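Hi,

Here is the structure I promised to send over.

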Amino acid sequence: MFKRRALILAVAVMILSARGVWSQDVAADAAKQEAPPSTSVAPASVEISPNALDAHVGEKIKFSAAAKDAAGNPIDEKPSVWFAAPFDLAGADESGEVTFHAPGVVTVGAVIAGKTGYATVNVGNPKIASLEIAPPANPIVAGGAEKLAVIARTSNGNPRTDAVIAWTSEKPAIASVDAAGLVTGLAPGSVTIKATSEGASGTVTFQVVRDAVRKLTVNPASAEARTGDVVHFSATGLDGGGGHLKDPPVRWSLSSGGSAAVYPDGAFVAEKAGTYVVMANSGQHSAAASVVVRPRNVEREVEVVAHVPMPDLQMSEEWIIGHHAYLATVADKVFVYDIADPANPKLLDTLKVDARIINDISTTPDEKIGVFTREGASNRKNGIVFLDTSDASHLKVLSEYTATVSGGVHSAYIDGHYVYLTDDATGSLRIIDFQDPKHPKEVARWEAQNPTVVSINTKHGSMTSGRYLHDLQVKDGLAYLAYWRDGLIILDVGNGMAGGSPENPKLVSQYHFNHYELYGDGWLAGTHSVFRYKNYLFVGDEVFPAIFELDDRDRIPVRAICHVMDVSDIKHPREVAQYEVPEGGSHNFWAANDMLYEGYYSGGARVLDISGELRGDLYRQGREIARFWTGDAKGFRPNLPFTWGGQPCSVTCDSPLLNSLIYFNDIHSGLWITKLGDAKFEGSASSPAVRKGERTIH
């Protein structure tokens with residue numbers, strides 16, 4: 001029981017303080033039993049009532065807690081702390097009232113005189129509020145068939161794939177539909193298909209056309225590709241008189257092989273080498289084409305140039321710019337290293353501040369001003385700190401901004417003379433103008449709207465429960481927000497498409513994920529990180545156990561997918577590919593040079609080929625260029641990688657040598673300066689990255 005208590009409290013320390021809401025002091029106070037009981041009898045147990053029950057999203061339930069001695073007699077003590085874990089599923093106020101935000105298993109707990117009691121709540125899926133049916137990509141041919149795609153959404157916009165859907169055709173003589181949504185065209189005409197689920201409904205109307213095709217041809221008739229390459233097929237048709245039909249309605253399929261996919265637009269991609277047959281069907285006619293797929297063979301070795309360990313600290317963010325590496329910690333220190341000679345990094349300066357976690361650090365492109373974020377400050381004034389970084393060997397604090405973000409800031413992004421902040425306490429975006437860096441000022445606030453969001457009272461003031469902004473990037477006047485359970489949100493902050501500006505952000509679009517369906521019970525999961533590259537936006541989840549200790553020496557299991565979104569139509573982003581390392585956990589990444597450099601937590605450091613068009617499962621397609629095990633025998637957790645992120649030297653690096661390097665930061669083992677080595681032999685099996693020429697800097 002003690003171990004479980006420690007873990008429960010640790011989730012408050014790590015997760016709730018990492019978003020700056022409870023402030024880690026609340027859980028820490030409970031863990032240290034700072035408030036001794038007013039009676040000399042220590043509790044033997046704490047009972048929570050109700051102890052086990054079912055609840056619904058949006059529901060509020062009042063819990064009570066009672067302490068008892070070894071004989072079962074009540075002790076007159078009140079709870080010092082109430083909590084709910086995972087924090088993204090529910091929030092508890094100081095009176096024991098818990099609000100439930102998302103489906104899953106929630107642990108509700110109370111601490112009385114150092115003893116913790118628990119209750120378990122099963123939060124059910126919210127009802128379906130709407131059904132969105134995508135119209136067929138092409139008209140359905142009489143005698144042909146097409147499966148309709150439907151998205152069932154809850155009131156907050158999240159998709160639910162477990163919805164039981166009933167299908168009906170309003171004109172069954174024109175088209176029928178079965179229980180799976182497969183529509184069969186029977187006669188030419190217009191037809192409306194209806195879907196219903198849990199009282200919600202949606203319809204789609206389309207044409208069934210006569211089968212005019214008498215001959216069908218697929219182009220190209222044959223193709224060659226590597227795994228992961230996207231090949232686009234098209235179909236042409238002839239009518240009974242030999243005339244060409246423009247855009248004949250076609251349904252695409254594969255007649256051989258299970259490790260490939262062909263999409264409704266004729267795009268084909270394979271995960272494994274082999275020979276595949278692509279089929280085009282239109283009414284009673286079909287045609288085929290073949291594809292010979294060979295291995296991608298892009299793997300390269302990784303060579304370690306230098307290693308900067310942190311044996312007594314856990315490392316958080318890195319910022320590589322010019323000849324300098326700025327390193328933050330899960331502690332109260334910032335380090336800056338001279339990396340002009342990357343094989344011999346030299347410590348230039350160390351800055352100590354009032355913080356328990358410095359999550360993020362970066363500078364302006366000219367490296368004159370730096371910004372880092374704070375959480376867990378002893379005076380509970382967190383916010384951000386502005387630095388004079390014009391002389392990296394003598395860091396100077398210019399100012400602090402805490403006025404509206406004293407609850408903590410997890411991430412910050414500099415764009416021009418604005419810094420965009422994640423406000424932990426309210427889950428909102430704050431935009432700070434630092435044109436005068438000694439007197440920064442807030443110019444805007446924006447927050448996602450969610451019907452389950454509430455304000456709750458805690459020992460240290462009011463906080464927002466049910467909304468959490470984790471990370472963001474600003475590029476070309478658009479702000480891309482990783483909004484945890486609210487998914488991906490895109491704002492106009494100067495692009496002009498929605499009339500937005502840094503002082504007046506405007507919503508462009510939102511894309512919802514269902515993290516409960518993706519990962520199931522027992523996980524703290526949400527949209528965590530974003531990075532725009534070409535017409536793609538890489539969106540990473542972060543997935544931890546609902547209860548864990550970051551500073552425990554045991555291994556922490558993690559998971560998480562990196563979603564690849566096509567944002568060519570910025571108002572309608574769509575997921576086209578995924579990258580997921582089995583039993584690893586996506587964290588921070590950086591895209592450049594047609595490569596994605598990613599810290600994959602327990603999966604180590606990864607370099608991914610993102611050249612060309614991206615569709616499907618990038619991991620299974622063999623697009624990994626390199627993987628590097630950042631574990632170290634002298635690390636915080638010996639020989640266990642926990643890679644935070646990766647960054648190429650793509651910010652004002654002024655030499656070919658520096659531009660060829662990749663910097664990976666690991667929570668347990670510090671900074672690794674690496675470079676890609678020779679390509680592996682074609683057809684060779686994967687092998688661990690080498691550490692040729694490694695230099696360790698102490």
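Y601 and F642 are both buried. Keep in mind that this is a predicted model. The two rings have their centres 4.4 Å apart and their planes at 15°, so the pair is stacked. Y601 lies in the loop between β54 (595-599) and β55 (605-609), while F642 is in the loop between β57 and β58 (643-648), so the pair ties together parts that are 41 residues apart in sequence.

Y579 is buried at 1% relative accessible area, whereas Y619 is partly exposed at 31%.

Elsewhere, F87, Y468 and W484 form one aromatic cluster. Two arginines sit over rings as well: the charged end of R559 is 5.3 Å from the ring centre of W523, and R615 lies over the face of Y263 at 4.9 Å from the ring centre.

Now the sheet. It is open, with 4 strands in the order β31-β32-β33-β34 and antiparallel pairing. β31 (315-321) and β34 (346-352) are at the edges with a single partner strand each, so one side of each has no neighbour in the sheet. The twist averages 20° from one strand to the next. Strand β33 (residues 333-338) is joined to β34 by 6 bridges, and V336 stands opposite D349 in β34.

Cheers

Technical notes: Residues numbered from 1 in each chain as written. Predicted model: local features only at pLDDT ≥ 70, side-chain atom pairs only at ≥ 80, totals over all residues. Heavy atoms only, no water. Pairing = 2+ DSSP bridges. Helix = DSSP H or I, 4+ residues; strand = E, 2+ residues; numbered from the N terminus. Axes fitted to C-alpha atoms, helices over the stretch in contact; angles between N-to-C directions. Buried < 20%, exposed > 50% of the residue type's maximum accessible area, 1.4 Å probe, protein only. Phe/Tyr/Trp six-rings, centres within 6.5 Å; stacked < 30°, edge-to-face > 60°. Lys NZ or Arg CZ within 6 Å of the ring centre and 35° of its normal.
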